[in-house]
Amino acid sequence: MGRPSSAADAAGAQAAQALTPAALADVLENPETRKALIEQLRAQGQSASQRQGEPPAGKPAGESPPGWRQRITEGTQRFLSGLVLDVAQGASDIRDLLSGKGLGLEDDATTQALRRLAVAVATALVAFVLMRLVALWIYRRIDDWVAGLGWNTKGGQEPVSMPVLVRRAGAIAGALVIDVLVVLLAAGAAYGVGVYGGPGGGAVDPIVAVFLKAFLAVEITKVLVRTVFSTRYPHLRLLPMSDDMAKYWNGWLIVLLTAAGYGTMLVDPVVSLALSRALGRLTGLIIMLAVYVYAVRIIWLNRLHVREKLAHSGARTLTFLGTSPRLLARVWHWLGIGYFSVLLVVSQLDPTNALPFMVTATLQTLVAVGVGSLATLLLNSLLAKPIRISDELRLRLPMLEARLNAYVPTALRIAGWVVRIVVLLLVLDAWRAFNLSHWLTSGAGAAAIGVAVNVLIVLLIAALTWTVVASIIEHRLHVREGRPLPTAREKTLLSLFRNAALIVIVTMTVMVVLSQIGIDVAPLIAGAGVVGLAVGFGAQKLVQDIITGIFIQLENGMNENDVVQVAGVFGTVEKMTIRSVGIRTLDGGYHLVPFSSVDVVANHMRDFSYHLGEYTISHRENVDEAMQHLRNAFAELMTDEVLAPEILEDIAIPGVTAVNEKGVTIRVLIKTKPGMQWAVQRGYNRLVKKHFAAAGIELPYPHMVVYFGQDKSGHAPAARVELEAPAPAGTATPRTDGAA
């Protein structure tokens, strides 16, 4: 390649050191000095890129590298400045070509290098074609062998045994190894020819080395594409799809890989060697722009078709880190456009290493997503299987199995999100958007991992504590043979203690987790104290409810299922909290009574009860005879198989409690078990009515006394009463007042 004169080099170097406006104008006006300036800037850029692994001067070696924003900004600036210079130099080189100058082709060394390159390319192509024909014969035998196993090429929808899957996987892996060996042997043949015809010393020409690197990178990448689609041998196809679809996508990707790979890794260096570096870079840019436009066009035309395919498969499978393919169906074309956008940018920032970087990043992304999807699938399979405990443990702790099955889904979901986060970090690291290894070794990464581990330990301790406390309470409340039943007071107090323990555990866990993630909890505690004081002053009724409720519970005033009368409400206690009691009345109404409204508690379910009955008879009846019939009714009551066991003592008849205008009242007391007084009352009243009716004992009913008056001597006038015979049917009864 032709070089500018020494004077031009000196001028370019001087201009590169001090680019004043006047000097820059002079340099750009002269073609030779302009080319010298471009060469000088390129050399400085290469020196800077070689020193990227060394710490900058004046900065400590342990300082973190620049962030991705800074790298993008610097790379964009370098690309734009280089593009401007390349356009200017390229225009000058084109004018030189049109004027008859041969540029690099006039150099004998360049001509010899291009000849060695042509020989190496021809050798690689011939060797590749010949060995590829042999490989195709082997592929056909392997494909027939897989077909003989009964494999369904339409997606494996029929049940297939595990040995068949293993054999098919081995066949695909074998075909992949053979294809890679073909590429390596072809590259080896080209390398041997390059060494034989090279400059000597057992080395190949640099341009031949560039071709070998491009050949290996492009062809091995094409091997991976052929493994996925395998257009000729469907039984060796990695993904289930139709032949037409496989041919379409395989051809499209092969064209893109060939153009992008050889365009950036081979055409650019060859044009740079043969003509000029600026033209080489501009050629690579034009090729990559064409590849980008072609790729975006194909993706956009097929976006709806691929979306329908993925959405259809989403009804049957779960893929892509446990999420439905419908999500991927909606965004796949944006991911594809973004992928080729990255390829376009990388190809211009680092043309030589663009394709290897893209292949490495793509493989790391696929491996990370695949392993993450497999881990998520395993977690989902574990989630579908409930935990089973032994019958003895289930008998002792009846709610333990349900509680564990309630914890496991949450834990597995958390693990699934952890897997997704790790996969995301690995993907970002693959595309150099995040330096995972540096972050893990840095203080921030170690601190973040430490916080995550500490939070996980705190949550595990909290869950274990709550499980132990709740299991102990349930063990005490559970009814088992050979153990006394828990009392109502125990049920109420243990239920309240369980609720209080849950509140304490949740509060402490939240405070500790907040402190672990770096939030200062001291202001929160102080603020809670102030709020508590304000609530204490502003909600005195609430404080009174709580204090009264505590003392009622401590004094065992009432428990759940007790029949009580509080605050004028009579009914059964259904629920008790630290602040209120819920009572269900006989009409079905639910009354919530705060403890501050309770001044007297009448509990009808404590130790024993009495049926207090008062029976009134007429004045004409014999009291002793009535008492005897009351005892007879009780004797018959004691023969009742249901009510007799509920009576604790013999009947007690204290005697007559009242004599008034209604009659004579006799009191009866029957001692019963707690809460059975009403059932005994209903049964005894029925028998009393039965015995009184049989004995003719009259129960009092309302009487009317008619007073006709009397004179001073005490004689009352006679009442005039006339009796008349009943009138015949159909005739009117005559009136005594003389009216018609």
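**Notebook: helix H21 and other stops**

**Entry 1, helix H21.** I began with the buried residues of H21, which are Gln677, Ala679, Val680, Gly683, Tyr684, Leu687, Val688, His691 and Phe692. For my own bookkeeping, buried means under 20% relative accessible area, exposed means over 50%, and partly exposed lies in between, with a 1.4 Å probe and protein chains only. Helices (H or I, at least four residues) and strands (E, at least two) are DSSP runs, numbered from the N terminus.

I noted that this is a predicted model, in which local features need pLDDT of at least 70 and side-chain atom pairs count only at pLDDT 80 or more, while totals for chains, interfaces and linings use all residues. Residues are numbered from 1 along each chain as its sequence is written, and side-chain values use heavy atoms, with hydrogens and water left out.

Back to the helix: H21 covers residues 677-695, which is 19 residues. From first C-alpha to last I get 26 Å, close to the 27 Å expected at 1.5 Å a residue; the expected span is 1.5 Å times one less than the number of residues. What do the buried residues of H21 pack against? I found strand E6 (609-617), helix H20 (623-637) and strand E8 (663-672). Contact here means heavy atoms within 4.5 Å. A reminder to myself: an α-helix has 3.6 residues a turn, so residues three or four places apart point the same way. After H21 comes Gly696, with a positive phi near 75°.

I stepped back for the totals. The secondary structure comes to 21 helices and eight strands. Of the 740 residues, 32% count as buried. Among contacts between residues at least 6 apart in sequence, 67% join residues at least 24 apart.

I traced five strands in an open sheet, in the order E4-E3-E2-E1-E5, with antiparallel pairing. Its edge strands are E4 (590-594) and E5 (601-603), each pairing on one side only. Neighbouring strands are turned by 40° against each other on average, direction ignored. Two strands pair if DSSP finds at least two bridges between them.

I then walked along the pairs:

- E1 (residues 563-566) and E2 (residues 569-576) pair in the antiparallel sense over four bridges, and Val566 has Val569 in E2 as its bridge partner.
- The hairpin of E1 and E2 has two residues between the strands, and Ala567 takes a positive phi near 50° there.
- E2 and E3 are joined by four bridges and run antiparallel; they form a hairpin with three residues between them.
- Met576 stands opposite Val581 in E3, and Val581 in turn has Val593 as its bridge partner in E4.
- E3 (residues 580-584) and E4 share five bridges and run antiparallel.

I found Met605 in the loop between E5 and E6. Is Met605 buried or partly exposed? Its relative accessible area is 23%, so I put Met605 down as partly exposed. Not counting residues up to four places away in sequence, Met605 touches Asn561, Asp562, Val563, Pro674 and Gly675. I also logged Met605 and Lys673, which are 68 residues apart in sequence and 8.4 Å apart in space, C-alpha to C-alpha.

I started from Thr221, which sits in helix H7 (residues 206-229). Thr221 counts as buried because its relative accessibility is 10%. Leaving aside neighbours within four places in sequence, Thr221 is in contact with Leu257 and Val359.

H7 and H8 pack at an angle of about 170°, with their axes 10 Å apart. Axes are lines fitted to C-alpha atoms, for helices over the stretch in contact, and angles run from 0 to 180 degrees between N-to-C directions. H7 and H8 are therefore roughly antiparallel to each other; angles under 35 degrees count as roughly parallel, over 145 as roughly antiparallel, 65 to 115 as roughly perpendicular and the rest as oblique. By class, I have 20 nonpolar, four polar and four charged residues in the contact of H7 with H8. Here Ala, Val, Leu, Ile, Met, Phe, Trp, Tyr, Cys and Pro count as nonpolar, Asp, Glu, Lys and Arg as charged, and the others, Gly among them, as polar.

The axes of H8 (residues 243-274) and H9 (residues 277-301) come within 7 Å and cross at roughly 170°. This pair, H8 and H9, is therefore roughly antiparallel as well. I noted 17 nonpolar, six polar and three charged residues in the contact of H8 with H9.
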